[in-house]
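User: I would like to learn how to read pockets, a metal site and a nonpolar core from coordinates. Can we work through one example together?

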Amino acid sequence: MAIRKVLLRDENEDFLRKVSKPVVEFDDNLVALINDMIDTLHKYDGLGLAAPQIGVLKRIAIVEVGDVYLELINPVITSKEGSIIRDEGCLSLPGLFKKVERPAKVSIRAFDRHGFEYEYTAEGLLARAICHEMDHLDGHLFVDFVVDDKKTKGDK
Ligand code: CO
């Protein structure tokens with residue numbers, strides 16, 4: 001278990017823009033990597049972390065919102081519903097918070113560290129965190145999806 005350095009957009013944008021590769025081996029290396037991601041997430045007090053943020057271009061992310069912890073390995077979104085506009089931030093862009101529109105509810109299918117495939121439906125902040133972390137796996141950052149301030153005025 002170790003805390004890894006989180007790559008910053010300002011220093012590593014080219015890397016953070018790459019598309020990550022699917023996980024094929026559910027082995028001890030994967031477990032060690034995820035344990036490091038958990039340590040790193042806790043150290044930085046974030047809601048989620050994607051492997052590319054610690055320099056690994058694999059489709060792995062973790063989210064921890066309240067008492068829900070999820071491992072998202074090779075995740076796919078199977079349905080989305082509604083939309084919520086809310087301030088969002090990222091450990092790779094410290095101190096920056098902008099309004100982003102996300103689904104109010106998402107259903108996903110993913111694998112955990114043991115290679116067990118599961119389905120999960122999340123709402124609100126957890127749904128937002130899942131979408132944010134999954135974006136990292138395709139090289140997208142939340143600043144790509146910022147909605148302009150006028151749009152948020154009528155948003156409840
Ligand atoms: Co992020």
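**Pockets, metal site and core**

Analyst: The largest pocket has a volume of about 410 Å³. The model is predicted: local features need pLDDT of at least 70, side-chain atom pairs count only at pLDDT 80 or more, and totals for chains, interfaces and linings use all residues. Residues are numbered from 1 along each chain as its sequence is written, and side-chain values use heavy atoms, with hydrogens and water left out.

User: How is a pocket defined, and which residues are closest to the centre of the largest pocket?

Analyst: Take a 1 Å grid over the protein atoms alone; a pocket is an open set of points where a 1.4 Å probe fits, with protein on both sides within 12 Å along at least five of seven lines. Lining residues have an atom within 4 Å of a point. Points are joined across faces, edges and corners, and the volume is the space filled by probe spheres set on them. Here 23 residues line the largest pocket, and Leu47, Glu88, Gly89, Cys90 and Phe97 are the closest to its centre.

User: Which elements give two or more residues to that lining?

Analyst: Elements are DSSP runs numbered from the N terminus: helices are H or I with at least four residues, strands are E with at least two. In this pocket they are β4 and α3. α3 gives the most, six residues. By class, the lining has ten nonpolar, seven polar and six charged residues. Ala, Val, Leu, Ile, Met, Phe, Trp, Tyr, Cys and Pro count as nonpolar; Asp, Glu, Lys and Arg as charged; the others, Gly among them, as polar.

User: What lines the second largest pocket?

Analyst: That pocket has a volume of about 150 Å³. Its lining includes Lys80, Glu101, Cys131 and Phe145. α3 supplies the largest share, three residues. The classes are five nonpolar, no polar and four charged.

User: Which residues are the protein donors of the cobalt ion?

Analyst: Donors are N, O and S atoms within 2.8 Å of the metal (3.2 Å for Na, K and Ca); water is not among the atoms, so sites may look incomplete. Cys90 (SG), His132 (NE2) and His136 (NE2) lie 2.0 to 2.2 Å from the cobalt ion. Their sequence spacing is C-x41-H-x3-H. Distant parts of the chain are linked: cysteine 90 sits in the loop between β4 (84–88) and β5 (98–102), histidine 132 in helix α3 (residues 124–137), 42 residues apart.

User: Are cysteine 90 and histidine 132 buried or exposed?

Analyst: Buried means under 20% relative accessible area, exposed over 50%, partly exposed in between (1.4 Å probe, protein chains only). Cysteine 90 is buried at 9%. Histidine 132 is buried at 6%.

User: How many residues does the largest nonpolar core have?

Analyst: In soluble globular proteins, nonpolar side chains tend to be buried together. A core is a set of buried Ala, Val, Leu, Ile, Met, Phe, Trp, Tyr and Cys residues joined through side-chain atoms within 4.5 Å. The largest has 18 residues; Val63, Leu72, Ile108 and Ile130 have the most contacts inside it. α3 gives the largest share of this core, seven residues. A second, separate core of 16 residues includes Leu33 and Leu91.

User: What does isoleucine 130 touch?

Analyst: Contact means heavy atoms within 4.5 Å. Not counting residues up to four places away in sequence, isoleucine 130 touches Val63, Leu70, Leu72, Val106, Ile108 and Ala122. Valine 106 lies in strand β6 and is buried, with a relative accessible area of 1%.
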